[in-house]
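Biologist: I have a chain on my screen and would like to talk through how to read it. Can you take my questions one at a time?

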Amino acid sequence: MMSQDPWLQNYDATCRLAQEIAENIHERNRQQRTGGNPAKINMTLRASLQKLKQNIAQLKEGLLRSSSSRRIMQSEADRRQNLIDNLLTREKQLNATFKGDVTEPEPSRSTLMSGGAAAGTANPWLVEESEETKGLSFGEIKQQQQRIIEVQDAGLDALAAVISRQKIMGQEIGNELDEQNEIIDDLAHLVDKTDGRIRNETRRVKLVETKSASCGEPHLHPFTFNSTLGRDVHYFTK
């Protein structure tokens, strides 16, 4: 089973913190009306409101990283941005209520965490919510997100398979080119040897032709004898 998206886990924790703050403000106001001392709960509220602010900032940063790295689809990024905007609106309302600037009815936890409204009060978390998630509970939104991630994973697996096949094809083409280069090298070596032999045979043929031409010409050898006239007579014989 696929684990829940960390961003959604942080979002759920931030929602619970906001609900806790709303409940503590309600309790602080009750104590003020009954003459109690709300100093301790005010200290807790200040720390909780600061934590809420930090959590929202972390959600914004996480959404920016996921969106820029394209780990989530654009529609999901838009939906999460709407959720963050709603949290920012709620944070302002809680701060104003804590300071006593406004007084608003505290929503019940069931109204806060669901997609409907109770006693005619609109859910403050679902203002400007996308059509894809209207009426869905957090559990259903998580399941929807898991399905989106599974589709993305399947697409990444298919892309990885295509890249793997292309890598294998590239290796096979490279191996074939290496073999062809070896064949070309062998042919070049063979041509060089053949060319050397042809040059040697050409020189031998020229040498034979030269000797043959020399043997075909007459060679005269001098021969001398005394004639009856008492003079030397010179003849030339082959």
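Modeller: Start with R204 and E201: both lie in helix α5, three residues apart, about one turn of the helix. Helices here are DSSP runs of H or I with at least four residues, strands are runs of E with at least two, and both are numbered from the N terminus.

Biologist: What do the side chains of R204 and E201 do?

Modeller: They meet in a salt bridge, 3.3 Å from N to O. The term means a side-chain nitrogen of Lys or Arg within 4 Å of a carboxyl oxygen of Asp or Glu.

Biologist: Is R204 buried or exposed?

Modeller: R204 is exposed, at 54% relative accessible area, and E201 is partly exposed at 42%. The cut-offs are under 20% for buried, over 50% for exposed, and partly exposed in between, with a 1.4 Å probe and protein chains only.

Biologist: Before we go on, what kind of model is this?

Modeller: This is a predicted model, in which local features need pLDDT of at least 70, side-chain atom pairs count only at pLDDT 80 or more, and totals for chains, interfaces and linings use all residues. Residues are numbered from 1 along each chain as its sequence is written, and side-chain values use heavy atoms, with hydrogens and water left out.

Biologist: Fine. How many helices and strands does the chain have?

Modeller: Five helices and two strands. Read from the N terminus, the order is α-α-α-α-α-β-β.

Biologist: How much of the chain is buried?

Modeller: Of its 238 residues, 26% are buried. The accessible surface is about 16,800 Å², and carbon and sulfur atoms hold 55% of that. Those areas come from the Shrake-Rupley method with a 1.4 Å probe, and for residues only the protein chains shown count as cover.

Biologist: Back to salt bridges. How many are there in the whole structure?

Modeller: A search finds six. D5 pairs with R80, the closest N and O atoms being 3.1 Å apart. That pair links distant parts of the chain, since D5 sits in the segment before α1 and R80 in helix α3, 75 residues apart.

Biologist: Which other residue forms a salt bridge with R80?

Modeller: E76 does, with the closest N and O atoms 2.8 Å apart. E76 and R80 are about one helical turn apart because they are four residues apart in helix α3.

Biologist: Why does that spacing matter in a helix?

Modeller: An α-helix has 3.6 residues a turn, so residues three or four places apart point the same way.

Biologist: And are D5 and R80 buried or exposed?

Modeller: D5 counts as buried at 14% relative accessibility, and R80 is buried at 0%. E76 is buried as well. D5, E76, R79 and R80 are linked in a network of salt bridges.

Biologist: New topic. Which residues touch the most other members of the largest nonpolar core?

Modeller: W7, Y11, I21, L52 and L94, out of 22 residues in that core. Helices α1 (6-33), α2 (39-68) and α3 (74-99) each supply at least two of its residues, and the largest share, nine residues, comes from α1. A nonpolar core is a set of buried Ala, Val, Leu, Ile, Met, Phe, Trp, Tyr and Cys residues joined through side-chain atoms within 4.5 Å.

Biologist: What does L52 touch?

Modeller: Leaving out residues up to four places away in sequence, L52 touches T14, L17, A18, I21, E91 and L94. Contact means heavy atoms within 4.5 Å.

Biologist: Where do the buried residues of α2 pack?

Modeller: Against α1 and α3. Among the buried residues in α2 are I41, L45, L52 and L59.

Biologist: How far does α2 reach?

Modeller: Its 30 residues reach 44 Å from first C-alpha to last, close to the 44 Å expected at 1.5 Å a residue. The expected span is 1.5 Å times one less than the number of residues.

Biologist: What comes just after α2?

Modeller: R70, with a positive phi of about 60°. R70 is in the loop between α2 and α3, and is exposed at 72% relative accessible area. Just after α3, G100 also takes a positive phi, about 85°.
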